[in-house]
Amino acid sequence: MTMTDTPLLELRGITKTFGSVEALTDVDFEVRAGEVMALVGDNGAGKSTLIKCVAGTHAFDSGQILFEGREVSIHGPKDAARLGIEVVYQDLALCDNLDVVQNMYLGREANRFQILNEAAMEHTTASTLKGLAVTTISSIRQPVATLSGGQRQAVAVAKAVQWNSKLVILDEPTAALGVAQTEHVLALVRRLGEQGLAVVIISHNLHDIFETADRITVLRLGRTVGIFERQATTQQAVVEAITFGAPTKVSGIPAAPEVGGEG
Amino acid sequence: MTSPDVVGPDGAKPAEGDELPGGVAGLYQRAWFNLRTGNLGPSPIIVGEILVVVLFGLTATNFFTAVNFTNLINQMAGTAMLAFGVVFVLLLGEIDLSIGYLAGIGALVVAELQLPGSGHQLNGILAMLIAVAVCAAIGGVQGSIVAFVGVPSFVVTLGGFLIWQGVILNQLEQRGTIIIQDRWINYTDSYAFSHVAGFLIALIITVLYPLSVFYKRVAARGTEIARVNWTAFAVKTAGIAAAAFGTVAIANHGKVIATSLGLPLSGVIIIVFFILLTFLAKWTTFGRHVYAVGGNAEAARRAGINVPRIRVLVFMLSGATAGIGGIIFASQVNSVALTFPPGNLLLNAIAAAVIGGVSLFGGRGEVRGALLGAVLIGTLQNGLNTLSVSNGWIYIITGLVLLGAVTLDTIAVRLQARSGR
């Protein structure tokens, strides 16, 4: 992670079709360690499809994935997890009937001969939450059903980073939250970046993006139409890219001939 | 719950349960909090059980006799066994309607395998193991159809209900009754421990709960689960001791003609399985995964839990407990006949689990619920019997109790949801 110039994750020329529909066309994308990269675009721009390719839920048709500079193949969620890629989906994938500790260890319970080691799990959960400065959960032994939306999001994020992950992808983390809770979650996202993780945040909300992201990648109709430094751009410019952007290439590979991208 | 601590205690600060108010005040506060938020736990059913016992003790002349007491244990043992399996199936949010006749299959297999002069007579213990294995395998097949093909469990096990009923009918229609003579098989229901052995067993049962609490305190030092409210602990320990020693004392008192009775083996079998299955549900990865699948199957799948495997295993468990229950019932009458399974076995077993607070929608409930529910239903039906109430009224009253318990539970869940958000 010392080579900050090499992106942690780099996608080159990813193309994905569903039948006759081209969901992604020659998409380039990168995110560095310690950076929050926003992935924005209108509905149907291909954000979710791109993420699912990285997470291993979808197989893409052509293109390359480089992780820490090496080409990797991701054939399923387990491959992604092994590389240190964790996705926090919009629906959070928490079990309401289980408590915070049990959710944090879901499917990876600390055990010896299949007998649970509750003490170890509780200690680690407490320190993970503390490390992320998640301070609003009064008891980590309360069922997740009793938590607020923001607290649930915090648990889902903490669950993702607990496993020595290097890249955390957050799908619309603030979509269902109120103002105060949104601020909490955004602060948490920034903290992940400060701790050296690579973070990808998908959002419709430009305010959220400009509060957290270091760089912004804009997708439009399945193509990359721009990568912006947050410091050097305006919301206006990003909105224009989302609505009218023309495909651009960033990784030095010549752009594919354009076939009616605009309109 | 009232802990002001932020993310739970860290290593530096030993949590001695200080954040929770201790003593009687803490107990009262916690009980009030639980009541307000609808987290009733097993208290309503225990209150109900005490009410029923007092009511029948006052009204029925031969309810409080030792003979009736051992009868009661024998009668409810089979139902409780089936209800244990039902708990796991309900935790997944599934249903198993085949267990009544699966119990019959278990009894039939065991009866067939012990038959002297049949050419395939086996040792009774071996016969029982095979019978339970057969039932588990049938459960596994039914579970596989649910898990891999995706047919709803209601339909699969309704099919099983008819199929196994048909098999029993085919086997017994011509032959009538198969008598069970094997000593070991008949022991499962009729064996009574000596008075001293009975009290020893009561002592072991009494000591187990405090031991598990102390073990948790030592092994999980500094965590929230290690905290103990000592008043509640004392009440629970005293309650378990009273129930265990009381049961043995009354059972020891009984005498049928010259034979002195004692604690029946069936009661001990139930307690042993209760402890084993509680351990399975609460302390193992398998149990945790059952709760996870019942709570949110999609989340469990994404977390890497092999959801179909859990489903198949749970239906196997349900088949196995049905088989054991069937053997206990067969041993009660030393035979298998066309009247098997007795009464409304399937519905009683499901009712026991549901009265015990196990949710039909998955993810919520405990093994102890099945035991408490079976005891309540068993006591109710036994007590009404000793009062010579007609069968019709016994069904009606059982139905009303089931309805009342589930209504109370539904209201409790609503309160929980309201206080949660």
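Helices (H or I, at least four residues) and strands (E, at least two) are DSSP runs, numbered from the N terminus. This is a predicted model: local features need pLDDT of at least 70, side-chain atom pairs count only at pLDDT 80 or more, and totals for chains, interfaces and linings use all residues. Residues are numbered from 1 along each chain as its sequence is written, while chains are lettered from A and ligands numbered from 1 in the order in which they are written.

**View 1. Ala133(A) in the loop between α4 and α5 of chain A.** Phi of Ala133(A) is near 55°. That is a positive value in a residue other than glycine. Ala133(A) is partly exposed, with 14 other C-beta atoms within 10 Å. On this scale a residue is buried if 20 or more other C-beta atoms lie within 10 Å of its own, exposed if 12 or fewer, and partly exposed in between; C-beta atoms are placed from the backbone.

**View 2. Leu221(A) in the loop between β11 (215-220) and β12 (223-229) of chain A.** Leu221(A), a residue other than glycine, has a positive phi near 50°. Leu221(A) is buried, with 20 other C-beta atoms within 10 Å.

**View 3. Helix α5 (residues 149-161) of chain A and its cover.** The helix has 13 residues. From first C-alpha to last, α5(A) reaches 19 Å, close to the 18 Å expected at 1.5 Å a residue. The expected span is 1.5 Å times one less than the number of residues. Of the 13 residues of α5(A), 12 are buried, so the helix is largely enclosed by the rest of the structure. Among the buried ones are Arg152(A), Val155(A) and Lys159(A). Their cover includes β6 (85-88), α3 (100-104), α4 (118-131), β9 (167-171) and α6 (179-194) of chain A.

**View 4. The side of chain B that touches chain A.** Here 32 residues of chain B are in contact with 33 residues of chain A. Contact means that the C-beta atoms of two residues, placed from the backbone, lie within 7 Å. The elements of chain B that give two or more residues to this side are α11 (285-295) and α12 (297-302). The largest share, six residues, comes from α11(B). By class, this side of chain B has 15 nonpolar, 11 polar and six charged residues. Ala, Val, Leu, Ile, Met, Phe, Trp, Tyr, Cys and Pro count as nonpolar, Asp, Glu, Lys and Arg as charged, and the others, Gly among them, as polar.

**View 5. Helix α11(B) against helix α13 (residues 307-333) of chain B.** The two axes come within 10 Å and cross at roughly 105°. Axes are lines fitted to C-alpha atoms, for helices over the stretch in contact, and angles run from 0 to 180 degrees between N-to-C directions. α11(B) and α13(B) are therefore roughly perpendicular to each other (65 to 115 degrees; under 35 is roughly parallel, over 145 roughly antiparallel, the rest oblique). Phe286(B), His289(B), Val290(B) and Val293(B) in α11(B) meet Val307(B), Ile310(B), Leu313(B) and Val314(B) in α13(B). This contact has seven nonpolar, one polar and no charged residues.

**View 6. Ser194(B) in the loop between α7 (183-190) and α8 (195-219) of chain B.** Ser194(B) is exposed, with 12 other C-beta atoms within 10 Å. Ser194(B) and Leu261(B) are 67 residues apart in sequence. In space they lie 8.0 Å apart, C-alpha to C-alpha.
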